[in-house]
Amino acid sequence: MTHPTGRRSSPPDPQARSGEQAWLHRVAQEASRGAGGVPVELLGGFLSVLVEAATTGRRPDKAELDAVGLNGRRAAELGVSAGNIVQLYLSAAWRLWRELPAVVEFPDGATTANAAEAVMRAVDRAVASVAEGYTLARRDMMRSEETLRRELIEDLLRGDADIGALVERAEPFGLDMAQPHQVALAAPTGRLVDAEAALSSLERAVVQGIGDRDVLVATKDGSIVVVAPATPTAPAGLAARTPPGGYPTPGGGLGELMHTDLSRFPRGGPWRITVGRPYPGSYGIARSYEEAREALGMAARLQLEMPVVRAEDLLIYRVLLRDQPAITDLVHAVASPLARARGGAGPLLETLDAYFATGCVVTETARRLHLSVRAVTYRLERIAELTGYDPTDPAQRFTVHAAVLGARLLGWPRRDLPAPDPT
């Protein structure tokens, strides 16, 4: 039987067909090894399609291409890389073409050229189909993984899921629930145009700075949430941190790493980042998240200018808030007389803030406020005169400092003070 592209015995007897199958099986095995051990089953009937194209000129039909695409999906599900599955098909194609003249008779150069064109067209369509199947499978897997990741983070942050199931669900994401973790929140104060780009960039930065295990990044309630292992030491190159109203302290960590990366997205900034304390176990993640969330609200309420706030930095405010009537009385008794000063209480409270933040060093306070030392000294004396409490006296300093913190918590003097507790 003569074909458009070549000549082969027709009809082939069972022995010839068996020999052809053995030949194709050998070529497939060699291609598999050449592609790094990709399972040979992922070739399916691809080689038979190429032989048919070479001997008859027939192009692969839809069913054959769909089967190739299905093998592309299987490759993605098996964890085979896109490069390796494509390499498998190309390797099989050139190996088959190299040996094809020994099986198929090509009477002249024109027939050989036609066969080569038919094979190349078949290879082109097959590779496109396997790549498309692979891409669709990876997209579905990523969507599924993203859904599972989002659900896992929701349950971790809520802290009320079944622990055994939670541990099992966390394992594929590399999360070791026995180790201490901390949660950090990043909230934009400006309009963030490309949230997805910021999220992807931040995830890369955290993974690079901390490691690719035990890190989860997602969005929740308008903030970016990062669950990461505890970082007792700062990654190299991170800036020192400054607690609210205090000196910079050595060391950094997750918060500084996040701030460094998010600063590249100025349209969302300035960013406010809060970091909960690290705790072990699944409940520890929920506890750290609650601390970070509470710190985020408190930082906005206190109008803190610092970009990174840690939960431990705000412990004193949490203590004060537990007895709001008492702190209201303290502000009424100690701070409210400052309102009688010329210019109101604002400048004097600002002076006290800077004074306590600098460790009660007058010269540093003056530098921070861009005032003369004499002016700062005068303000401190005026505060003592109005309140009856001398902030430079170690015995009275704590009372004044607590009143200043309480005023900040209550938003005074921007807002009126609540009425003092009559009891």
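Which helix supplies the largest share of the lining of the largest cavity? In this predicted model, that share comes from α15, with 3 residues.

Rolling a probe the size of a water molecule over the atoms shows where empty space is left. The structure contains 3 cavities of 30 Å³ or more. At least two of the lining residues are supplied by each of four helices, namely α11 (324-335), α12 (346-357), α14 (373-387) and α15 (394-410). By residue class, the lining of the largest cavity comprises 9 nonpolar residues and 1 polar residue, and no charged residues are found there.

A helix pair was also examined. Two packed helices are described by the angle between their axes and the distance between the axes. For helix α2 (residues 46-56) and helix α5 (residues 109-158), the packing angle is about 150° and the axes lie 8 Å apart. The crossing of α2 past α5 is right-handed. On the α2 side, the contact is formed by F46, L50, A53 and A54. The residues contributed by α5 are A115, A118, V119, A122, V123 and A126. The contact of α2 with α5 involves 10 nonpolar residues, with no polar and no charged residues.

Terms used
Residues are numbered from 1 along each chain as its sequence is written. This is a predicted model: local features need pLDDT of at least 70, side-chain atom pairs count only at pLDDT 80 or more; totals for chains, interfaces and linings use all residues. Side-chain values use heavy atoms; hydrogens and water are left out. On a 1 Å grid over the protein atoms alone, a cavity is a set of points where a 1.4 Å probe fits but cannot get out, and a pocket is an open set with protein on both sides within 12 Å along at least five of seven lines; lining residues have an atom within 4 Å of a point. Grid points are joined across faces, edges and corners, and a volume is the space filled by probe spheres set on the points. Ala, Val, Leu, Ile, Met, Phe, Trp, Tyr, Cys and Pro count as nonpolar, Asp, Glu, Lys and Arg as charged, and the others, Gly among them, as polar. Axes are lines fitted to C-alpha atoms, for helices over the stretch in contact, and angles run from 0 to 180 degrees between N-to-C directions. A crossing is left-handed if the near helix is turned anticlockwise from the far one by less than a right angle, and right-handed if clockwise. Contact means heavy atoms within 4.5 Å.
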